[in-house]
Amino acid sequence: MVKQRLATSIYASVLFTILGAIAWGTGQPFIFPSLGPSAFILAFDRRGKRTRTYRIVGSHCIGAVVGLLAYALLGSGVAITITQGAFSGSGFQLALSGMVSIALTSWGMIATDTNHPPACATTLIVSLGLLSTPIQVVTIIGAIIILAESHRLFLRGFDYFDETDMLPDVAVTAASVLQPDTASEFRVMVPISNPRTERQLISVASMIANANDGIVDVVHIVQIPDQTPVYRSSDRTRNIDIESDRLLRAACEDAETFGASVETTTIVSQWSFEEVFEAVRQRNVSTVVMGWGTERWSWQSGRTEGSINELTRELPCDFLVLKGQELDVSRVLVPVAGGPNADLSAEVVNYLQDHVDVEISVLHVVDGEQQRSVGEEFLREWVADHDLSDVELLIDTSGDVKDAITREAEDRTLVIIGAAERGLLSRLMQNSLASDVVDAVDCSVLLVERPTSRSIRDRVLGSRDQ
């Protein structure tokens, strides 16, 4: 903890010193109050998602430009440095300018996915008349770019305060193999922490990997308390090594049983869910197969609702989430409503039909008996488009999706749900899945979600499906 405090303090001061020297040498305002919080974030969370260059630079650019527009339209000629009288017109101008700049900056950051709170201070610096000329705004943007690029170059050229030598052996091994040599390989990642669900997850992942001539990438997540620095977990090294070795050896044996190639990694972190997403991006993973049940609380631990939403709103790859400790694929129900998630459901059905003896029933819910023929035509086309054969077509005319799935699932062993709505994984991790279909059925459930790009409208106002 002392080392982390010292490292953060020194690094933040170094970043700020660079800009201070430039400001001193040029006589221009290359240092201003909102740079301080940004420098701290860069120093404290050096390689985290919050410190990405596009987010730091983009947010401050939005704040500076919006602040300049607000000041030019509403507060021109007035400055907060001069005391304004009570209920004065100039005071109202500044208050309105600040209010508009904060509102538009917040909107702009959400719309462009560049959320960075210090940018709200930047927009006030400009909109309240402190640094409010076009030249000063250009200087602000230049200072932000220098700050972000200095941080990036420091990370590339130097690694002060490296903690790798203080990690357990398995974590060091994980770090050394985190970026595979062959980025073109089809990879199916299986994050595991619970031996009771490991075999079922490996079996699903192996089918997908075999169908695509790929690799099963098993990642053992070791989560330590939120306030414990990673290097402080070294007193647990021996237990972590033993547990990880046992769990990963069993995973390898299971994958080999299903005929799949397998690689293993251990990750030690306070933020298990975020680490999975980071590993997915770095390893070029195509599909993640994970469990949901008693493990969901560890996935949630330490994460706020906002951070979970931020991670899961734009998935890096396909996600398959298995609820249930038993996996019986003899009788499978697949509710279908169209869209990319339904496409992923169809792919899973194809994998199953290629590897095991399975009975598939495809369900589509329509609103009223008069819509039956439309529903039947939709299902026939959907089955044909996805090259499915030997499937039972079911039409439910009740209009109630939850009740329809619950009824049809009574004599099924597995339900594969490819939600028509976005954000399924986000609600799953927060235990707030819409309509509670997952909890309504007695059999195992495989939830699938495919990445979709969000428009600016959806970023700001939310998806129409939610």
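User: Is Phe40 buried, partly exposed or exposed?
Analyst: Keep in mind that this is a predicted model. Buried would need under 20% relative accessible area, and exposed would need over 50%. Phe40 comes in at 45% relative accessibility, so Phe40 counts as partly exposed.

User: How far apart along helix H2 are Phe40 and Phe44, in helical turns?
Analyst: Helix H2 covers residues 35-44, and both Phe residues sit in it. They are four residues apart, so the separation is about one helical turn.

User: How many aromatic pairs are there, and is the Tyr11 and Phe154 pair stacked or edge-to-face?
Analyst: The count comes to two aromatic pairs. For Tyr11 and Phe154, the ring centres are 5.8 Å apart and the planes sit at 80°. Planes over 60 degrees apart get the second label, so this pair is edge-to-face.

User: Which helices do Tyr11 and Phe154 link?
Analyst: These two are 143 residues apart, so to speak distant parts of the chain. Both Tyr11 and Phe154 are buried. Tyr11 belongs to residues 2-26 and Phe154 to residues 134-157, which are helix H1 and helix H6.

User: What about Phe40 and Phe44, stacked or edge-to-face?
Analyst: Their rings are 5.6 Å centre to centre, with 15° between the planes. Under 30 degrees is the cut-off that settles the label, so the Phe40 and Phe44 pair is stacked.

User: Moving on to charges, how many salt bridges does the structure hold, and how far apart are the closest N and O atoms of Asp113 and Arg55?
Analyst: The total is 11 salt bridges. Asp113, in the loop between helix H4 and helix H5, pairs with Arg55 in helix H3, 58 residues apart. Both Asp113 and Arg55 are buried. Their closest N and O atoms are separated by 3.4 Å.

User: How many residues apart in sequence are the parts tied together by Arg450 and Asp318?
Analyst: Arg450 makes a salt bridge with Asp318 at 2.8 Å between the closest N and O atoms. Arg450 lies in the loop between strand S10 and helix H18, and Asp318 is in strand S5, so the parts tied together are 132 residues apart.

User: Which helix holds Glu347, a salt-bridge partner of Arg450?
Analyst: The side chains of Glu347 and Arg450 meet at 3.0 Å, N to O. Glu347 is partly exposed, with a relative accessible area of 28%.

Key. Residues are numbered from 1 along each chain as its sequence is written. This is a predicted model: local features need pLDDT of at least 70, side-chain atom pairs count only at pLDDT 80 or more; totals for chains, interfaces and linings use all residues. Side-chain values use heavy atoms; hydrogens and water are left out. A salt bridge is a side-chain nitrogen of Lys or Arg within 4 Å of a carboxyl oxygen of Asp or Glu. Buried means under 20% relative accessible area, exposed over 50%, partly exposed in between (1.4 Å probe, protein chains only). Rings of Phe, Tyr and Trp (its six-membered ring) pair if their centres lie within 6.5 Å; planes under 30 degrees apart count as stacked, over 60 as edge-to-face and the rest as tilted.
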